[in-house]
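Open the structure in your viewer and get your selection tool ready. We will take the tour one stop at a time.

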Amino acid sequence: MRATPFPPATQRVLEAAAKKGVDLDVTVFDGSTHTAQDAARQVGAELGQIVKSLVFVSPDGEDLEPILCLVSGTNRVDLARLAAVTGEPDIRRATAREANELTGFVIGGIPPIGHPRPLRVVMDPDLGRFPVVWAAAGTPTAVFPVPPATLRMLANAHVAPIAEEVRRADLAASDGLTTGGTAGGPATQGASA
């Protein structure tokens, strides 16, 4: 862990929370919290408690409108569900460069708050299963714990089901993969959306 002062990116997150009357307890690690798995390991939390801040974009004339999704670390965003929730049929995942330009933060450290412009934010209801979740604090090595209701308020988030649905057949197939099932099923997909 590292002592303060925090880098400018983390300072923006702290200031955004303070404007809403919330003091965040940011922890900076020597090791990366870039992926949800890294973050869970560093903070000693369940993977589902890690907030993945994923940037999606939809065309807005000549520009792109950013939409930030706050997703439980175990989930993947379902583009069709996200399109339905946002009313944006042409929504897609932002490139790393687009995400950085639109949020002011690098992938792996994108926080739920502190952006240079207001963003539409959609929050995965699965985060509400936990008393505390962990979100990025502006860099790939900084995180903060926060109750999901406080996270929703800070980010001015709309809570909606945006994660891929896990069907019983998918669970059975993934169980089969660990005991010699066929390749290509849900268990072989990456952890992030």
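On this tour, a residue is called buried when under 20% of its relative accessible area is left, and exposed when that value is over 50%. Please keep in mind that you are looking at a predicted model.

**First stop: helix H2.** Select residues 36-43, which form helix H2. Which residues of helix H2 are buried? They are Ala 36, Asp 38, Ala 39, Ala 40 and Val 43. Now bring up what covers them: strand S2, strand S6 (133-136) and strand S7 (142-146) are included. Step just past H2 to Gly 44, where phi is positive, at about 70°.

**Next stop: helix H4.** Select residues 96-103 and colour Glu 98, Ala 99, Leu 102 and Thr 103, the buried residues of this helix. Turn the view until you look down the axis of H4: these buried residues line one face of the helix, because they fall within an arc of 105°. An α-helix has 3.6 residues a turn, so residues three or four places apart point the same way. On the other side of H4, find Arg 97 and Glu 101, which are exposed.

What do the buried residues of H4 pack against? Show strand S2 (51-60), strand S3 (63-72) and strand S4 (92-93) to see these partners. After H4 comes Gly 104, with a positive phi near 85°.

**Last stop: confidence.** Colour the chain by pLDDT; the average is 86, and 84% of the residues score at least 70. Then select residues 178-193, where pLDDT stays under 50. The model has 23 contacts beyond four places in sequence for residues 178-193. Where pLDDT is low, the predicted coordinates should not be read in detail.

Terms used: Residues are numbered from 1 along each chain as its sequence is written. This is a predicted model: local features need pLDDT of at least 70, side-chain atom pairs count only at pLDDT 80 or more; totals for chains, interfaces and linings use all residues. Side-chain values use heavy atoms; hydrogens and water are left out. Buried means under 20% relative accessible area, exposed over 50%, partly exposed in between (1.4 Å probe, protein chains only). Helices (H or I, at least four residues) and strands (E, at least two) are DSSP runs, numbered from the N terminus. The arc is that of the directions from the helix axis to the C-beta atoms. Contact means heavy atoms within 4.5 Å. pLDDT is the predictor's confidence in each residue, from 0 to 100.
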